[in-house]
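Please look at the sequence and the model before reading on.

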Amino acid sequence: MASNATVCPAPMVATSNGVFQGNNPLDYALPLAILQICLVLTVTRILAYFLRPLRQPRVIAEIIGGVFLGPSALGRNKSYLHSVFPSRSLTVLDTLANLGLLFFLFLVGVELDPKSLRRTGKKALAIAVVGISFPFALGIGSSFVLKQSISKGVDGPPFLVFMGVALSITAFPVLARILAELKLLTTDVGRLAMSAAAVNDVVAWILLALAIALSTTGHSPLVPVWVLLSGCFFVTLASLVLPPVFKWMARRCPEGEPVDELYICATLALVLAAGFVTDAIGIHALFGAFVVGILVPKEGPFASALVEKVEDLVSGLLLPLYFVSSGLKTNVATIRGAQSWGLLVLVIVTACFGKIVGTIVVSLLCKIPCREALALGFLMNSKGLVELIVLNIGRDRKVLNEQTFSIMVLMALFTTFITTPLVVAVYKPARRANMGDYKHRTIDRRDPRTEFRVLACFHSSINIPTLINLIEVSRGTDREQGLCVYSMHLMELSERPSAILMVNKARKNGLPFWNKGRRQIDSDHVVVAFESFQQLSGVSMRPMTAISSMATIHEDICTSAEDKRVAMIILPFHKHQRVDGSMETTRNDFRWVNQRVLEHARCSVGILVDRGFGGTTHVSSREVSSSIIVLFFGGCDDREALAYGARMAEHPGINLTVYRFLMEPEPSQEIDRIENLGTGNRSIDDEYLAEFQQKTQTESSMKYEVRMVRNTAETIAMIRELSRSDLFLGGRKPEGEVAETLDVKSDFSELGPVGSLLASSDFSTTASVLIIQQYNKSLASSDSPVISI
C-alpha cells in the first residue's frame, strides 16, 4: 500500500571504511565535517587577506565567506551544495558552530568588566542610551512595514522586539578592532565609543533575552513570564554562587606560575553546564556562557589563562563555521522585485539613521565637537557577530522568514563595511600644530643641562633587566633637569578575543592608556618593575602601552615620541642571545618595525642588542661597574653615540673609552694632513673629538685612543680585541675613510656595518650593543647643527 508519509534521510555514520572499500567519504559525518571546516577556513582567510588593505575587520570576510559558500553564490550549483553541504550534514555543522559560539560568548563575557560599566561617564551613558532607544523605536516602526509586506503571518510582539534589537546593536569586539586599526583607541572618541558600546552590548543581550522569551510557542500566555522569571533567577543564583568559586580559584593561581589545568577544566565545564541550564529554561545556551564569562574575575592571571586556552580553537577554527551556517540560510536570490529591494534600502537607511543621527544629536548636546560627533555616530553603527546571533535565533524561532533574514544579513554587512571608510573620511585625531617647543630631538644639544627624554620600547619581560640597567647608567649626575623615561610595552593587536581583554587592561595605564589622575592598582609585574626602579633611582618613569597590528605599530611609536618630545627612541633588536651565545630570532616582524621607526622617527633612534647588560636583575647605583666602548669612525651618527657615551660616563660606576679609527696614511698624505691641521682646516669630527679630549684630562672615567688601520681585516681584528667590554656604542651609518673601506657584510641594514658585526653570532662577546641613528636636523627648521657635548 502506498504511503504519503515524508521519508526522512538516514542519519550519517561518523566514519567511513575508506575509498578502497567502496565508501565515499562525503557520505560520512566526520570526513565531511573536516572538508567543510577546511573549505571555510581557506575561503575566509583568503577574503580577509584581500580586505586587509581596506582596514576591514575579519568578521566582514567571514560574513562574506559564509554568504559566498551558501545558496547565494556557490550554492547555485546544486551538485556542489548537495555534495559539500547536504541537508543531512547541517545538524552536525550547526552543532559545531553553536558549540564554538558558546565558548566565544564566554570569551566576550570575560572581555566585559562590570566595574568599568559602573565607571561609565555621563556622556558615554547618554550616547549608549540614545544609541539603543532611538534605533530600537525606528526598528519597531520599520517592522510594521515588513509585517504588512514580506513578513505576513509572523507573531507580532516577538517580531517587533527582534527588529528593534537587530537595529540597535553595536558590536563591541568589532568596534574595538576598528578603533585599534584606525589608531583611535587612545583618543576621546575611542574612549567614549568603547564605553558606550560596552553598555550597549549588555543592554542588547537583555533585550534579546526578552525577545526570545516572547517568541516561545507555548499554549499558555504565562510561558514567557515563567521563562523571564527563571532567567532572572539563574542570573541571580550565578551572581551569588560563582564569584566566590572563581575568586577561590584565582587565589590559587599566583602571578608568574602556570594555572592549574583542573581549574581551567572546571571553568569550561561550568560554561557548558550554564549553557545547558539556560537552554532548558528556553532563553538560549549562549546566555549561560555569557553570564559565566562576565562573572570571571578580570584581575590576575586566571582570566588571561582561560582566554589563552580557548581562543585559538574557538575563534580560529569553530567560529567561522557559524558564519557559514548563517550564509547557508542566506539566499540573496529571495530578494527580488522592486518591493524587496526597496525594503532592503528602507532597513539600511533606518538602521543607519537611527544609530548615526541619534548618536550625533546626543553628542552635540553633550558639547562634543562636530567631527568627533560624526565619528562617534559612524562607529556606533558597526554591527558584527552579535547581529548574526540575533538574526539566527529569530530565524530558528520562526520569527524571521527567509527573505527578511537575507535582508537583515545584508544590512549588517553593509553597515559594518562602511564604518571604517566613513570614520577615516570625517575624523583624524588633532595633532599639535605648534611643534616649535620640540627642540631637543637628539642627545647632542647646545645646553646639556636640559631634561633628557627617552622612549624605551620593549616586547616582553625578557627586555626589562637590560633596559632598566641602561636607564640607570643614562641618568647622569648633577643636572638641573634629569632623565625622563617613557617605557612603552609593544603589544600586537590580533583578531583573538584576548586582544580586547588586553585593551581593557592597558586602558589603566599609559598613553596610549596613561593614567593621569588617580593611581590604579595593576598586578602587571612589568609596571611594578618600572615603578620600583623609579622609587629607587629618582628617574621619572611613565609606563605606556602601544596596542596595534605589527604593520602599523611603528606609527604609535613615532607619534608617542613626538607627543612626548623625546630626544631618543630605544628599540629592542629582533634577536636575543641564547645560552650557548648564538643569536636567536624572537620574531622577524619586530625587525620590520625597527626599520620603519628608523625611517619615520623625528628624533634619534637606538637599537639595543641585548646580551644581558648589567645582569638579569636591576643593579643599584652604588654597585654599577661597567666598561663602555664607543667605536668612532666619523659622521653624525657616531657623534650622537659619543654624546650618549659622554652622558653615561657621568655615572660614577662607568668607565668610558672612545676608540677612533683612522686610516694609516702614506708618507706624502701624512705631510698634507699635518699642513691641513696647522692651517685650521679641521672637520666637524676633529672639533668634536678635540672637545671630548679636553674632558678626558679632567675626568678619570673617560679615555680616548686613536687606532690606525690599513684595511678592513685590521679594523675587525682590533674590534675583536675589545670584546670584553659590557656595552658597545656605535653609529648606524659611520663615515670617513675607514668606514668607506669597511667591507663587512651588513646582514641587518637597521644596524649598519659595525652593528651587524657586533650583533653576529660569529662575534664572540657578552657585551650588549646600542647602535644609534641621529635625527637629521636639516629636516626641522627649529634645529641647528650643534657640536658641543
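At 60% relative accessibility, Phe-50 counts as exposed, where exposed means over 50% relative accessible area, buried under 20% and partly exposed in between (1.4 Å probe, protein chains only). The model is predicted, so local features need pLDDT of at least 70 and side-chain atom pairs count only at pLDDT 80 or more, while totals for chains, interfaces and linings use all residues. Residues are numbered from 1 along each chain as its sequence is written, and side-chain values use heavy atoms, with hydrogens and water left out.

**Aromatic pairs**

- A search of the whole structure finds eleven aromatic pairs, which are rings of Phe, Tyr and Trp (its six-membered ring) with centres within 6.5 Å, called stacked if the planes are under 30 degrees apart, edge-to-face if over 60 and tilted for the rest.
- Tyr-49 and Phe-50 form an edge-to-face pair, because their ring centres are 5.6 Å apart and their planes stand at 80 degrees.
- Phe-573 and Phe-748 also pair edge-to-face, at 5.2 Å centre to centre and 85 degrees between the planes, and both residues are buried.
- Trp-205, Phe-287 and Phe-290 are linked into a cluster by ring pairs.

**Charge over a ring**

- The charged end of Arg-395 sits over the ring of Phe-405, 5.6 Å from its centre, a term that requires NZ of Lys or CZ of Arg within 6 Å of the ring centre and within 35 degrees of the ring normal.

**Positive phi values**

- Arg-55, a residue other than glycine, has a positive phi near 60 degrees, and Arg-55 is partly exposed at 32% relative accessible area.
- His-284, also not glycine, has a positive phi near 140 degrees, and His-284 is buried, with a relative accessible area of 17%.
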